[in-house]
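Below is a short note for a colleague who has not looked at this entry before. The points are meant to be read with the sequence and the model open.

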Amino acid sequence: MNMTMDGSVELATGQMLPYLHFTLGDTLWFLGWVPQSRGAMFGACIGLFLLALLERWLAACKAIIEVHWNKSQMLADKQKDSVILKHSTADRIFRRLAPPFVAAYDLPRGVAYAALALLNYLFMLTIMTFQLAFIFSLVVGLGVGEALFGRYALSAHLH
């Protein structure tokens, strides 16, 4: 076995080149996912583009839903404050800084965050292939996704 660090690393069905390239044969996440033809590479790039759009859409949905949840929580707090006036000012301030755990809000928030983290780690692994077609597909997909869905996330935080 050649132990030098020059050249590519031979894998079972493909090879990993340690520099930016456009060549075929890079493993995408799983051993069986190795685009060996131009059509397969095009399909993989379309899939990555769509995953990047999905990531931006999920981020926008998460931002919009969080604003809705925060407004609902503030309305509930105002109703409680109007009913119970015997709490001290310090109690009211602490409740605003540390909202209570609400399973209907916090569990979906955690699931959405985990989904976004999973997509970002998959993107990182894709970038680590050094395949420029994959990298360009992700960057263009994220840019188009931000252009399509970024205004929803921005407007959600402004209201």
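Is G141 buried or exposed? The relative accessible area of G141 is 0%, so this glycine is buried. The numbered points start from there and should be read with one caution: this is a predicted model.

1. Surroundings of G141. This residue sits in helix α4, which covers residues 132-158. Apart from neighbours within four places in sequence, G141 is in contact with F49, A52 and L53. The C-alpha atom of G141 is also separated by 9.0 Å from that of L54, although the two residues are 87 apart along the chain.

2. Overall layout. The chain has four helices and two strands. Read from the N terminus, the order of elements is β-β-α-α-α-α. Of the contacts with a separation of 6 or more, 64% are between residues 24 or more positions apart.

3. Burial and surface. The chain has 159 residues, and 26% of them are buried. Its accessible surface is about 10800 Å², with 72% of that belonging to carbon and sulfur atoms.

4. E55. Helix α1, residues 38-83, holds E55. This glutamate has a relative accessible area of 6%, under the 20% limit, and therefore counts as buried. Leaving out neighbours within four places in sequence, the residues in contact with E55 are L116, L119, N120, F123 and L142.

5. T126 and its partners. T126 belongs to helix α3. Its relative accessibility is 0%, so T126 counts as buried. Beyond four places in sequence, T126 is in contact with L28, W29, L48, F134 and L138. With one of these, W29, there is also a polar contact of 3.0 Å between the side chains.

6. A nonpolar patch. Which residues make the nonpolar surface patch of about 420 Å²? They are Y121, M124, L125 and M128. Y121 is placed in helix α3, residues 103-127. At 54% relative accessibility, Y121 is over the 50% limit and so counts as exposed. Helix α3 thus carries the exposed Y121 as well as the buried T126.

7. Backbone at W29. The partner of T126 in the polar contact deserves a separate look. W29 lies in the loop between β2 (15-16) and α1. Its phi is positive, about 75 degrees, although W29 is not a glycine. Most residues other than glycine have a negative phi. At 24% relative accessibility, W29 is partly exposed.

8. Backbone at F130. Where is F130 found? It is in the loop between α3 and α4. F130 is not a glycine either, yet has a positive phi of about 65 degrees. With a relative accessible area of 31%, F130 counts as partly exposed, because this value falls between the 20% and 50% limits.

9. Cysteines. How many disulfides are there? The count comes to zero, where a pair of cysteine sulfur atoms within 2.5 Å would be needed. C45 has a relative accessibility of 12% and so counts as buried. C61, at 23% relative accessibility, counts as partly exposed.

10. Residues to view together. A reader could begin with the buried residues G141, E55 and T126.

Technical notes. Residues numbered from 1 in each chain as written. Predicted model: local features only at pLDDT ≥ 70, side-chain atom pairs only at ≥ 80, totals over all residues. Heavy atoms only, no water. Buried < 20%, exposed > 50% of the residue type's maximum accessible area, 1.4 Å probe, protein only. Contact = heavy atoms within 4.5 Å. Areas by Shrake-Rupley, 256 points an atom, 1.4 Å probe, with all protein chains shown as cover. Patch = residues over 30% accessible without salt bridge, like charges linked within 9 Å, V, L, I, M, F, W, Y side chains within 5 Å. Salt bridge = Lys/Arg side-chain N within 4 Å of Asp/Glu carboxyl O. Polar contact = N/O pair within 3.5 Å; in protein donor to acceptor, adjacent residues only side chain to side chain.
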